[in-house]
Each structure stands twice: as C-alpha cells, then as structure tokens.
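I opened the structure to look up a few strands, helices and cores. These are my notes, in the order I took them.

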Amino acid sequence: MPARIGRRRAAGGLDGTTVTDEAHGETGAPLRTRTHTCGELRPDDVGAAVVLMGWVHKVRDLGGVTFLDVRDRYGITQVVARDGSEVLAAAKRVRAEFVLAVAGPVERRSAETLNPKLATGEVEVEARRIEVLSEARTPPFQIDEETPVSEEVRLRYRYLDLRRSRMRENLGLRHRITMAVRNSLDADGFWEIETPLLTKSTPEGARDYLVPSRLHPGSFYALPQSPQIFKQILMIAGADRYFQIVKCFRDEDLRADRQPEFTQIDIEMSFVDQEVVFAAVERLMQAVFRVVGREVPAPFPRLTYDDAMARYGSDKPDLRFEMPIQDASAVFRDGRFKVFRELVAGGGSVRALVVPDAGRQARAQIDNLVDEAIALGAKGLVWVRRSPEGAIQSSILKAAGEEALTRVVEQVAAGPDDLTLLAGGHGHEASVLLGQLRQRLASRAGLVDESATARAWVVDFPLMEWSETEQRLVSMHHPFTSPRREDLVRLEDDAAAVRARAYDLVLNGSEIGGGSIRIHDAELQARIFRLLKIDDAEAKARFGFFLDALRYGTPPHGGIALGLDRIVALVAREPSIRDVMAFPKTAAAVDLMAGSPSTVDRRQLRELHLDTSS
C-alpha cells in the first residue's frame, strides 16, 4: 500500500484541505509543508496541486526540459521542469542529494514514458516552483545505484548509506518484524517491562562493559549482557509473562559477525514447561515470517544435542540439505588399519561423510581437501571412492584393505560417483571436523537451498562442560539453568553427564535463540554454584539479591532470548547483521561515523576518580 501522510481528497492536501495556487508557490511564500510523500501519487491524483519534499535522486537535463527524480523514505516521483517555465533554470542548478520542496500539478505521463519499475511511474509533477531546502556536497559514493562500496566507507558515511534502497528496505523490514513480535507476544498475554541498563557486574561468560560511578568512588555499574536475573525476579514478583526488546552489551574478543551491543527479544514465563515455551516462540516466529509472506509450519522439528553433534557435527546444524555424518567405527574395530583400530578400542569413533558427486574429482582436488581439513585442526583425513570401473580407491587402501573399505562404502550407501571422507577422534571431535567440511562442501556444490527456511529445536544440552582454561566445570548456558529431573542423582558424582532443561532455536544453520527452564529452588541453585566452584561468599557477593528473592516463593519458570539482529538478517537474506542495524560498529568494535571509542577530558576522569596514566 502507498504510504500516506494524512487524509486528503483526490485533489486536496493534508486532512482534506484543498491545495490552491498559493501552494504552488506563485505568491512567493516559502513552501513549509508537504502534501504527499514521494511514493504516494497515482493516476487518481492527476490534476491535484501538490507539494513534495525530498532528496534529488537523479537529474536528467535534456536542454529544453529537465527531469528530477525526487526521493524520500516512501519512494520516488518524477518532477519535470519545461522550457519557458521560470523553474527550469532552478532545476538545472540542483544536483544529486540536494533537498528540495517542489510544488505543482500532477500530470499523467505519456505512454512512451511510463516507468513500470516505480509505483508512481504513471504520473509526474510539473514543477511550478522549486525551493532548495538544503544543498549537498558530492557524496563519496553513489546513492542512486547499488554500486560496490567498502564497508569502511559505508560505515564512516552511514547517514548516506542508509539512504540507499537496500538499507532503507532492511530498516523497514526490521520495524515490521519488531511490530510483529510485539503483537504476537501481546496476543499471548505478555507484558513488555523494562529492566535496568545500569546494573551489577556478575561476570559469567563474556566480559562486562563497566560504568564508573561518580557518586560512589571506586564502584562500578555494568551494562547488562542479558536481563537474565531481572526477568527471573519478575517471575518471582508475579509478572507471569514478560518480554522486552532490549539492548545488551558484551565486551567480547573480535569476531566477524558479532556486535558489542545487540538487540534481543527477551522472554520469560511462569508455571510453564518446555512445551509451553516452544509453542509461544513458534507462534512468534510464524508471525515474523508472515511479514515477508512466508508460512512456516509448526511444531518445529527437534534434535537432541547428542544427535545434532553426531549427525551434523554442530549444535546449530544447517538442515536445508542432508549429508548426515555416519558412524563407521564397527568396520575398523577388528580391521587391519591400526590407527582406527586402536582409536575405536580406546573409546573413540570413526565417522564418515558422503559427499555427493565428488568422487570424480582430480586427485589434486582431493589432496587440497585433506589440506583444508588439517588447517581446520584435523590430524588427518581419509578418503574412499570407486574408480570408473568400480574398483575401490583410497588414501589407506594398502593399510586397510579393499574388503574393509568396500564395507564402509556399502554401509554409508555411497553412490558410484560419491566421495566418502573418514575422520577419527574422541567424543564429538571427528563429527565436528566433518561438520565443518559438510557445510563448506555443500555451499561450494550448490546443495544449499537458499530459499528454504529450516528450523529446529536443539534440546538436552549438557548442563556443564569442562574448561581447560579455568580448570573447572562451567555452565554450558548459564548457572540458572535447571538440570533434567531424572539426572539430579548424578549431579555431584558425574556432573558432565547431567543434561540440562535447555534448548536452542536454530534457523538455517544459525542459532537465533537460546533458553531454558530455570532453577526455582534455592537449595538446588546453591548445589549448582558449588559445582561451579562458586563458594557461598562469592555467590552472595555476586547474586545475593537474587538468591534472597528465590526464598520468597518462586514459581517454576522458563524463557528464551532471541537475537533480533540475526533474525532480521536471516529473513532479509543478508550475510551480515551489520546490514540490518542502523548504526553498527566494525568487527573491531569501532564506530567509524562517530569516532568512538575515544578519549575523554581529564576533568571527567577526575570526577569519576579514574586514573589512566598507567
């Protein structure tokens, strides 16, 4: 639907007021208000006197006539200044990105000048008056065409980049998705409640951004990595169903597609189990995709963490294509190939990945694939294929024997033109390697259906994992995640085997949300802290207010946090979240436009009792 900035008659202006010749500017009075947007005019408006305001998109000077394409957020309208009119000279003086006010009547374009690419392409405005509202320097890149521009230049001149149609459409999509989220959650009985941005530092995961307190020397606030504790306290307070579209902050090491500040859809619910959370989020995601006219069926598929890691080598598998990773350990358990035999005997496994139609590659290409696997951290990679005559060929043919390798090919159902890759390791080590190759090879071979929307819940994550860096168990999600009830008996004796009531939502190979059913019992929370080597004194110092709240009647509750930036990028089919954010930072956490981070006046530092001299 065309955007309208006010009610009007067919030949009138805002709020139904008639636009007279005075609006054309013939009295010489300044043009102060627009009557229509640049995306609004249609054949029904022919004869109406209008005032448009916007940026000059293009100028076409044909001598006796000059055409101006005038642009605003809503679209583009062609304006014509003809020979003999007083405005022709003014039209010839304007340049791209000047801001204009144009007044004149709407005319129908001749048949040969219709522009079906524009919503306004059947009409034009004959300029009776042109007023330059603001002049513009020559931009450092073209606004009217999507010509390649380096990201550094785009971010430095972000206010210009946002004028381009791609970015304008992405911001509009983000707005519509945000509204769809709010409407869906409101219909499900959620309240939007704000939580503090200046809060207590409770480091568990990424580093906090700290804010020094002027009134309390030596003390600091932290910008929230998540509203986790506050949303749980809201459940204790009886809010029942909460959501918030909230800014979060993480001082992480450099990563290509992460931002130090990002937006998440934060959700928490009382008196629920996992199924209730899933149903609400699935309804929300269906509403999101309806924004772009796509229906996604529910319920979404589910995979356990162990199945996802075993079959796809990732806890966020891309399910737009198959190529599952399979277990080939049995073939080598009593086989001749010593490396794999000893690995299996020691509790490891041999995993296999079948690459469709890759068996006829030149040997040099296969060797490059082995080098790629080694660059990913593999100790080696074994390949097996059939020759055009059907004979087995392999990098371990002599060591393993044709019989064993034939069994492998048959077990994994590799076709005559397929290439089978084998890797060994302990735990999920081999699957993770093959999972990385799976994604790369599928993309190169064009096996990924870019138009598909593959969603899945990944459930039953481990509650904890061992950190070599910290030499202790750490939470895989966060320390407020509830263990599965049937695993509680193993909590102290075999904590690494305990499964969490945690879940991630995965879309096209990206994790777009993570959540869990929370601990609502103070004693169980204390047990978890002890396993994480957080003693009672430290727990009280970091989480005391929350632990106190748990003892005043806490309902069973759970929730999820969904990454709004990532969701919009995936829906828009943009490769980077920076292209769906108005003012992102670089991968080095720098705002090139504003020039931040930056130094501050020493007086400010003194007021905050900070000394940066060291």
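I began with what the buried residues of α12 pack against, and found α8 (329-332), β15 (382-386), β16 (392-394), α11 (397-400) and β17. The model is a predicted one. I then looked up which residues of helix α12 (residues 402-411) are buried: they are Ala 404, Leu 405, Thr 406, Val 408 and Val 409. Just after α12 I noted Ala 413, which has a positive phi of about 55°.

Buried here means under 20% relative accessible area. I also checked which way the residues point. Ser 349, Arg 351, Leu 353 and Val 355 point one way, while Val 350, Ala 352 and Val 354 point the other way.

Next I looked up the partners of β14. Strand β13 (residues 325-327) pairs with β14 in the antiparallel sense over three bridges. Strand β17 (residues 419-425) also runs antiparallel to β14, and seven bridges join them. I followed Ala 352 of β14 to both partners: Ala 352 is the bridge partner of Gln 326, and in β17 the bridge partner of Ala 352 is Leu 422.

I wrote down the order of its eight strands as β7-β10-β11-β23-β22-β21-β18-β12, with mixed pairing. The edge strands are β7 (191-192) and β12 (302-304), each of which pairs on one side only.

Six of its seven residues are buried, so β23 is largely enclosed by the rest of the structure. Strand β11 (residues 261-270) pairs with β23 in the antiparallel sense over seven bridges, and Ile 267 has Ile 560 in β23 as its bridge partner. Strand β22 (residues 510-517) pairs with β23 over five bridges, again in the antiparallel sense. There, Gly 513 has Leu 562 in β23 as its bridge partner.

Further along the sheet, I found five bridges joining β18 (residues 455-459) to β21 (residues 502-507), and these strands run antiparallel. The partner of Arg 455 in β21 is Leu 507.

Which residues of the largest nonpolar core touch the most other members? Of its 38 residues, they are Ile 267, Met 285, Trp 457 and Leu 562. Helix α6 (residues 274-290) gives the largest share of this core, eight residues. A second, separate core has 33 residues, including Leu 463, Ile 519, Phe 529 and Leu 532.

I went back to Ile 267 for its contacts. Leaving out residues up to four places away in sequence, Ile 267 touches Leu 185, Phe 190, Lys 231, Tyr 242, Phe 243, Leu 284, Arg 518, Gly 559, Ile 560 and Leu 562.

I looked up a nonpolar patch of about 300 Å², made by Tyr 159, Phe 583 and Met 593. Where is Phe 583 found? Phe 583 is in the loop between α16 (564-572) and α17 (602-607). Phe 583 counts as partly exposed because its relative accessibility is 48%.

Note on methods
Residues are numbered from 1 along each chain as its sequence is written. This is a predicted model: local features need pLDDT of at least 70, side-chain atom pairs count only at pLDDT 80 or more; totals for chains, interfaces and linings use all residues. Side-chain values use heavy atoms; hydrogens and water are left out. Buried means under 20% relative accessible area, exposed over 50%, partly exposed in between (1.4 Å probe, protein chains only). Helices (H or I, at least four residues) and strands (E, at least two) are DSSP runs, numbered from the N terminus. Two strands pair if DSSP finds at least two bridges between them. A nonpolar core is a set of buried Ala, Val, Leu, Ile, Met, Phe, Trp, Tyr and Cys residues joined through side-chain atoms within 4.5 Å. Contact means heavy atoms within 4.5 Å. Patches are made of residues with over 30% relative accessible area and no salt bridge: like charges are joined within 9 Å, nonpolar side chains (Val, Leu, Ile, Met, Phe, Trp, Tyr) within 5 Å. Accessible areas come from the Shrake-Rupley method with a 1.4 Å probe; for residues, only the protein chains shown count as cover. A salt bridge is a side-chain nitrogen of Lys or Arg within 4 Å of a carboxyl oxygen of Asp or Glu.
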